[in-house]
Amino acid sequence: CPLTIPGGTRQSPINIQWRDSVYDPFLKPLKISYDPTTCLHIWNNGYSFLVEFDDSTDKSIIVGGPLENQYRLKQFHFHWGAINDWGSEHTVDSKFYPAELHLVHWNAVDYPSFEDAVMEGNGLAVIGVFLKLGARHEGLQTLVDALPAVRHKDTVIEFDEFDPSCLIPSCPDYWTYAGSLTTPPLTESVTWIIKKKPIEVDEDQLEAFRTLLFTSDGEEERRMVDNFRPLQPLMNRTVRSSFQ
Ligand SMILES: COc1ccc(C[C@H]2SC(=S)NC2=O)c(OC)c1
Ligand SMILES: [Zn+2]
């Protein structure tokens, strides 16, 4: 099956069984410092829509948590379903959320480029944030308003002065485990940091995600929905929690 790599022992996503996660008192708080001026553009890459950042300096970084050193913000993107009953990549006690945000960072201390870091066991750190149906999210609305301009695959618009920390819950609690990219090349290079608390978004905002297309302008339209990978076996891994 092409969605599992031969010999993969740390594939993502996984189900997080709350009662099987192990509290680790040595886990530090995650420190997030993003500079909104590093925001570059939004584009539709045919899998999701992503907001990319200038990662040529250490202006937007995370440090602490389970990480040995600081990691630079490269991009963030989302995964979502055709309906609100599913859409997230990770599940908690086998519950799907309607969407999941991934903030992708790379280890620029040990590696010269993102492309190199993607191939290394400690190369990437991804913060996962669940989205649940509820109140309208004002910070997200800035993104939603830009989506019509990137409806088709390979369309891009300039996007600046966005601080993605507005999309991260203030509650410090998270789970962490060793995993992988969830699309090809599926490399086992990701330290996952999954926030326990979801953010709330409203129905119109989720529907806006579903107006995007997998297809390019001129092709027969296919709605961009259900862009999440199936759950992968936990194998010989423990999920640690930063909270009791
Ligand atoms: C060649 O390097 C890649 C390829 C694909 C993605 C996106 C995947 S991986 C993830 S987490 N969620 C996704 O949708 C990358 O993101 C770090 C990096
Ligand atoms: Zn992702």
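Predicted model: local features only at pLDDT ≥ 70, side-chain atom pairs only at ≥ 80, totals over all residues.
Reader: What is phi of Asp93, roughly?
Author: Look in the loop between strand S8 (91-92) and S9, which is where Asp93 is placed. Asp93 isn't a glycine, yet its phi is positive, near 50 degrees.

Reader: On to the ligand. Which polar side chain has an atom 3.0 Å from a nitrogen atom of ligand 1?
Author: The closest residues around ligand 1 are His77, His79, Val104, Thr182 and Thr183. His79 has a polar side-chain atom 3.4 Å from an oxygen of the ligand, and Thr182 has one 3.2 Å from a nitrogen. The 3.0 Å distance to a nitrogen atom belongs to His77.

Reader: How much of ligand 1 does the protein bury, out of the area exposed when the ligand is taken alone?
Author: One of the contacts is that of Thr182, with a polar side-chain atom 3.2 Å from a ligand nitrogen. On its own, ligand 1 exposes 440 Å², and the share of that buried by the protein is 79%.

Reader: Which element gives the largest share of the shell around ligand 1?
Author: Ligand 1 sits in the largest pocket. Two elements give two or more residues to its shell: strand S7 (71-80) and strand S9 (99-106). The largest share is 3 residues, and they come from S7.

Reader: How many charged residues does that shell have?
Author: In total, 13 residues surround ligand 1. Sorted by class, 7 are nonpolar and 6 are polar, and the number of charged ones is none.

Reader: How many charged residues are in the lining of the largest pocket?
Author: The pocket holds about 740 Å³ of space. Its lining has 30 residues, with Gln75, His77, Thr182, Thr183 and Pro184 nearest the centre. Elements giving two or more residues to the lining include strand S5 (49-53), helix H1 (114-117) and strand S10 (124-133). By class, the lining has 16 nonpolar and 9 polar residues, and the charged ones number 5.

Notes: Residues numbered from 1 in each chain as written. Chains lettered and ligands numbered in written order. Heavy atoms only, no water. Near = heavy atom within 4 Å. Polar contact = N/O pair within 3.5 Å; in protein donor to acceptor, adjacent residues only side chain to side chain. Areas by Shrake-Rupley, 256 points an atom, 1.4 Å probe, with all protein chains shown as cover. 1 Å grid on protein atoms, 1.4 Å probe; cavity = no way out; pocket = protein on both sides within 12 Å on 5 of 7 lines; lining within 4 Å. Sits in = over half its atoms within 2 Å of the grid points. Helix = DSSP H or I, 4+ residues; strand = E, 2+ residues; numbered from the N terminus. Nonpolar A, V, L, I, M, F, W, Y, C, P; charged D, E, K, R; others polar. Points joined across faces, edges and corners; volume = space filled by probe spheres on them.
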